[in-house]
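Welcome! Try each task yourself before reading its solution.

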Amino acid sequence: MEETRERAPSVIDRYYTRWYKTDMKGRSCEDHCILQHSNRICIITLAESHPILQQGRKIKSIDYRISDGCSRLNNKVSGKSKRGGQFLTEFAPLCRITCTDDTEYTIFSCIRGRLLEVNEDILKHPDLLLEKPSTDGYIAVILPKLEESKTVTKDLLTREQYEDVVSKRSTQVQESL
Amino acid sequence: MKPSRGFAGPEQKSISPSVMLSLKDKDCPVIRKLLASGCCGRCVLRFCCVGKYSAYQQSCEDLRKELLVFLSEHDGEQSHDASGEAEAGDPPCKKVKLESSEPSSGENASVEGESEPSGVCVACVGVLQDFCGQTYAKQVSEAVRKGDYQFESLMLAVSLPAQLSVREHSCWLHIKKEVREKSMYLDKEDVVQVKDAFKWAVQGLVGKELGATVLTNSAFEVSVGFVHPETDGDCHFLATECPDCFKPTKNKASVFTRMAVVKALEKISESKFLRHYPCPPVSPSSTCTPLQTTCLHTSVFIAGRYNKFSRELPQTPWVIDGERRMEGSVEELIADPLLAAFKADGFNFCSSGREDVDVRTLGNGRPFAIELLNPHRAKFNKAEIRQLQETINTASDKIRVRDLQIVTREATSRMKVGEEEKTKSYSALIWTQKPITSADLDFLENIKELKIDQKTPLRVLHRRPLAVRQRLIHSMSASYLDTHHFTLQLRTQAGTYIKEFVHGDFGRTKPNLGALMETEADILELDVESVDVDWPPAVPE
């Protein structure tokens with residue numbers, strides 16, 4: 001197992017920048033990770049510190065139908081310009097995830113852009129979300145507007161800032177104990 | 001339908017204008033009416049449907065004189081009707097009967113009086129009067145020489161002001177009756193076009209001046225053109241009468257294109273036309289202005305195969321936000337020496353697929369074709385092409401070119417035919433999270449004709465439609481390197497995204513190598529080993 005740690009930079013390291021949104025909508029520890037490809041495409045994933053990934057939780061259900069009238073599963077894009085995709089703002093909900101302990105979490109877009117696809121694989125295999133949260137267990141793919149590709153991430157944290165937030169959190173927890 | 005005159009008596013010693021110009025008796029009323037309206041000699045011949053090139057090659061003054069002689073001879077013939085033979089070389093001094101403008105006012109309306117230099121022609125606004133001679137031919141030739149082209153033949157292209165079609169229509173209506181009397185089979189389409197008359201008169205002179213054959217179809221095109229701002233307004237009434245013919249388009253400066261005007265003239269009724277436009281047309285006060293002569297050589301296509309030995313060389317220039325990302329590119333390394341040799345204005349590069357910047361292309365290489373735009377030199381023999389290939393290959397060790405050859409435009413399409421069905425072979429350096437066993441490698445070698453579903457890779461999704469494409473991995477073989485690395489040889493259907501097949505692209509390629517081997521897999525290096533497209537043909541060394 002020692003050798004694997006010496007591996008070369010991963011696909012994410014090579015082609016993506018990691019951005020973070022912590023305590024989404026003021027909900028403690030509900031951290032999102034946004035992987036932005038050099039071609040501006042963004043993948044929305046759970047950050048490793050998200051409550052769903054803590055305390056050995058299991059997933060009961062994942063629902064992309066965010067309201068009676070709107071389901072992210074109905075999203076269709078066509079052509080090079082991805083016509084027809086739902087346009088999302090940063091607080092647009094993507095899906096709701098219920099765990100077996102009946103805790104429920106909403107995953108948000110975090111960035112403005114056009115929804116290209118959601119990950120239907122996690123509906124069939126919810127464990128993907130727990131096992132590979134930053135790759136095969138992604139939540140959605142979003143394409144920011146060309147003119148906004150540089151600015152959509154301005155309110156997000158860098159990897160360094162995120163690690164800072166998470167480590168402060170754990171010292172606070174320790175202090176409060 | 002070349003008019004010929006069978007009755008030109010063998011006794012005639014000098015060639016009469018009727019033979020020179022291929023005119024018939026029944027042309028007389030047409031000639032009279034057009035001369036009186038202010039048409040130049042060449043335009044008169046055109047409306048007489050004279051298709052004899054040489055007739056247009058005399059000077060405008062001589063032509064006019066001959067027409068007048070012909071008219072007077074004709075009058076003579078009619079008076080000698082009983083004798084049945086014209087007395088050539090003895091033109092009786094007869095007045096020219098001009099029907100409209102000079103109604104037989106004076107008995108002395110003589111031939112000489114009529115051959116005085118007339119005004120600008122009402123039909124061609126001077127194109128066939130002032131620009132069919134040696135002077136203009138020299139001017140055009142000089143412009144061509146300045147272009148510094150190498151050519152053996154040329155074709156002449158002429159662009160004329162659109163309003164000439166309006167004037168042509170007006171002239172036609174003016175003499176329609178007389179032409180139909182000449183032959184009921186003649187129609188407006190039989191009138192020789194200004195463009196053709198111009199070419200017949202001048203292209204031989206240009207060809208001679210430049211020492212080139214003039215053809216109707218040549219790779220080298222010399223374009224001349226004329227404008228006549230004074231009469232641009234001639235077309236405008238058509239826009240109100242036939243608005244649907246003049247819809248504004250993005251790239252046209254004016255809606256009054258020649259095609260639109262011709263279409264409108266086909267639609268408009270005779271009475272409506274005559275209500276808006278004089279018949280015959282009014283004589284312009286100035287002659288037309290020639291446009292700059294331009295030259296264009298059709299593209300030359302060069303094909304070959306290239307190897308790319310560098311992992312830091314993009315196939316085409318890599319520009320992000322207007323900024324160059326890497327130095328050089330395959331297409332530039334190949335095209336630059338070709339551009340210089342062919343003295344071309346630019347190029348278009350095209351290949352059978354493409355590889356990523358960090359991918360090498362080995363083996364026989366990847367077929368490519370380059371279109372060289374407006375080459376000033378187009379003829380190269382095999383030895384010269386071989387020399388060019390050598391120049392490309394010695395200039396850089398990042399690429400190598402073989403089978404370089406001149407091909408036709410049509411042949412280049414063979415590079416793209418069946419591109420999807422072709423097989424490509426790759427060699428990839430693979431990393432796996434779990435330690436590799438020989439059983440893993442055997443397992444891979446036993447997989448044949450594996451169907452995979454690839455969603456458009458995220459790395460190209462910003463510029464390609466989202467779709468799921470089924471591709472075939474024909475076969476794989478693996479050679480062990482160390483615990484976590486092995487080399488994978490793949491034979492796949494063209495269009496398979498190899499990198500995504502290995503790392504899975506967030507699970508978007510199914511199955512992928514990682515899933516097959518039940519581990520995380522990544523691709524560290526990729527080489528294209530062969531592109532199985534059998535074009536272009538091999539060039540023996």
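This is a predicted model: local features need pLDDT of at least 70, side-chain atom pairs count only at pLDDT 80 or more; totals for chains, interfaces and linings use all residues.

A salt bridge here is a side-chain nitrogen of Lys or Arg within 4 Å of a carboxyl oxygen of Asp or Glu. By that rule, the structure holds 40 salt bridges over all chains.

Residues are numbered from 1 along each chain as its sequence is written, chains are lettered from A and ligands numbered from 1 in the order in which they are written, and side-chain values use heavy atoms, leaving out hydrogens and water.

**Exercise 1. Describe the interface of chain A and chain B.**

Step 1: begin with contact, meaning heavy atoms within 4.5 Å. On this basis, 31 residues of chain A touch 26 residues of chain B.

Step 2: turn to buried area, the accessible area (1.4 Å probe) that two parts lose on being put together, summed over both. The two chains bury about 2200 Å² between them, with 55% of it on carbon and sulfur atoms.

Step 3: look for charged pairs. The rule finds three salt bridges across the interface. In a salt bridge between the chains, Arg508(B) meets Glu117(A) at 2.7 Å, N to O.

Step 4: ask which elements of chain A take part. Helices (H or I, at least four residues) and strands (E, at least two) are DSSP runs, numbered from the N terminus. Helix 1 (2-5), helix 2 (11-15), strand 2 (32-37), strand 8 (113-118) and strand 9 (140-143) of chain A each supply at least two residues of the side that touches chain B. Helix 2 of chain A gives the most, with four residues.

**Exercise 2. Which residue of chain A forms a salt bridge with Arg169(A)?**

Step 1: find the partner, which is Asp31(A), with the closest N and O atoms 2.7 Å apart.

Step 2: Arg169(A) is in helix 5 (residues 159-176) of chain A, and Asp31(A) is in the loop between strand 1 (16-21) and strand 2 of chain A, so the pair links parts of the chain 138 residues apart.

**Exercise 3. Follow Ile473(B) through its strand pairings.**

Step 1: strand 13 (residues 448-455) and strand 14 (residues 468-482) of chain B run antiparallel, with seven bridges. Here Ile473(B) is the bridge partner of Leu450(B).

Step 2: strand 14 also pairs with strand 15 (residues 485-493) of chain B over eight bridges, in the antiparallel sense. There, the bridge partner of Ile473(B) is Thr492(B).

Step 3: a hairpin joins strand 14 to strand 15 of chain B through two residues.

Key: Two strands pair if DSSP finds at least two bridges between them.
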